[in-house]
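These are my notebook entries on one structure. I wrote them in the order in which I looked things up.

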Amino acid sequence: MDAEAFRREAHRLADWIADYLADPSRYPVLARVNPGDIRSQLPDDAPARGEPFDAILSDFERVILPGVTHWNHPGFFAYFAITASAPGILGEFLSAALNQQAMLWRTSPAATELEEVTLAWLRRLMRLPDTFDGVIYDTASISTLHALAAARERAVPGVRFGGLAAASPDGGPRYTIYGSDQTHSSIDKAVILLGFGHEALRKIPSDERFRMRAGALRDAIAADRAAGRIPLAVVATVGTTSTTSVDPLEEIAEICAREQIWLHVDAAYAGVAAMVPGHERLLDGAVHADSLVVNPHKWLFTPFDLSVLYCGHMDVLRSAFSLVPEYLATSAAGGVRNLMDTGIQLGRRFRALKLWMVLRHFGAEGLRERLAEHMRLARLFASWIDASSDFERLAPVPFSVVCFRALPHGSEPNAADAERETGLDAFNERLLEAVNGTGEVFLSHTRLNGRFAIRLAIGNLHTTEAHVARAWHLLLEHFSRAIAD
Ligand code: PLP
């Protein structure tokens, strides 16, 4: 593709993307395809000869697009709703063009240094201490894996050479890791992958507001110590996946300091809320943490993917991961940082560019306003639930997620009866399916205290009060229909 052809196609794509972003609600939020539909329309082999870009684009629209679930849709309320904002998309465009591979400072001085600067900006916006150094990975799962690897490096002498087997000659699960019963499954995966064994993970019960019970954590640590095990790390969550509850950070930090246990904070979704007036103290307890993960690709309008790990001990992370084969040894002047030293992967994308563009485009004020607006919309939706006798809220709303369920036939909220609960679960599941079937909105679900809960998450930049009101209207409409059936 010569320069002129590239210019033409890039302009055409820019037009296509601008039109798409102007109104993604032209499409149903959820793709209306069956498994195999996309695959069956594509040939088994790559083309023998190159094809014109026209043909490729037309197949993109005809075959690929119908199989897209539109995360950009303002009616996307599932999981954690996210946004590929325009400045972030432009950053991705440039990043692809520059094709930086920032394993070493010298293979991309700009990617290396912009990452440092941008993460310092974000750290200050979130009111985190300057003792935290940041590094970008793709996802929170990978950030947390690295944090727990650093915790293991610090706690298990010789683990790098002899592995966990050398440290536990009797073969028993000697090290223990703690999270609440609400922690994300990425913690389980990290514990499994790091060789502790899944049984080493203690799920501490949460309270009626879905926050880890600090007293139960204290007891579990004491019991493990009494049994000869070694508590290695605690993962506290700021914004749990189901209800966005916030674990009592200060209390947990105190326990970890006293017990000399690594404290990792999973603030993947809600950490950014610390920049919003009224939430300034959200991460106060994290001052004493050893590491913290936050995902700008979740609630900071940065196109997927970009996760940030802040760590108070980059030297430990480096000693866990640094390994320099001869062909990568450099004689660069001292003081440079080589990003390959802080992670399992060697090659790294230039992700900082899009975050830098997002932070500059919106500015601190712009970001704060938008996050605050999402929280206002969530409170508004929660107030409609609270005012209706046909619905009940199932969790507090600290940020921009509301968990609730329908209560057909005016069921008494407190009547505990297994049969009634099973019926309610099935009714709510059907209601959710019906509402999602409209193509106008997409909500997801969770289970709280054994109950099926519908979950509405606000996080898309283009979601307005009208979209939230439409979701409420659809719920009411399909509730009435289901009752009438
Ligand atoms: N931590 C929390 C609290 C989450 O809610 C999620 C995903 O929703 C993750 C971690 C994992 O995020 P990622 O997809 O970036 O690995």
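Entry 1, salt bridges. I count a salt bridge when a side-chain nitrogen of Lys or Arg is within 4 Å of a carboxyl oxygen of Asp or Glu. I am working on a predicted model, where local features need pLDDT of at least 70 and side-chain atom pairs count only at pLDDT 80 or more, while totals for chains, interfaces and linings use all residues. Residues are numbered from 1 along each chain as its sequence is written, and side-chain values use heavy atoms, with hydrogens and water left out. My search of the whole structure gave 29 salt bridges.

Lys 354 is in helix α12 (residues 352-387) and Glu 92 in helix α3, so the pair ties together parts that are 262 residues apart in sequence. Helices here are DSSP runs of H or I with at least four residues, strands are runs of E with at least two, and both are numbered from the N terminus. Both Lys 354 and Glu 92 are buried; buried means under 20% relative accessible area, exposed means over 50%, and partly exposed lies in between (1.4 Å probe, protein chains only).

I noted Arg 349 as partly exposed, at 34% relative accessible area, and Asp 305 as buried, at 15%.

Which residues are linked with Arg 351 in a network of salt bridges? I found Glu 92, Asp 305, Arg 349 and Lys 354 in that network.

Arg 405 is in strand β9 (residues 401-406) and Glu 392 in strand β8 (residues 391-393), so the pair ties together parts that are 13 residues apart in sequence. Both Arg 405 and Glu 392 are buried.

The contact (heavy atoms within 4.5 Å) takes 27 residues from domain 1 and 27 residues from domain 2. I also looked up buried area, the accessible area (1.4 Å probe) that two parts lose on being put together, summed over both. Domain 1 and domain 2 bury about 2,300 Å² between them, 73% of it on carbon and sulfur atoms. Phe 80, Leu 371 and Phe 399 supply 32% of the area that domain 1 buries against domain 2, more than any other three residues.

Leaving aside neighbours within four places in sequence, I found Leu 474 in contact with Val 435, Thr 438, Glu 440 and Val 441. The C-alpha atoms of Leu 474 and Val 156 are separated by 54 Å, with the two residues 318 apart along the chain.
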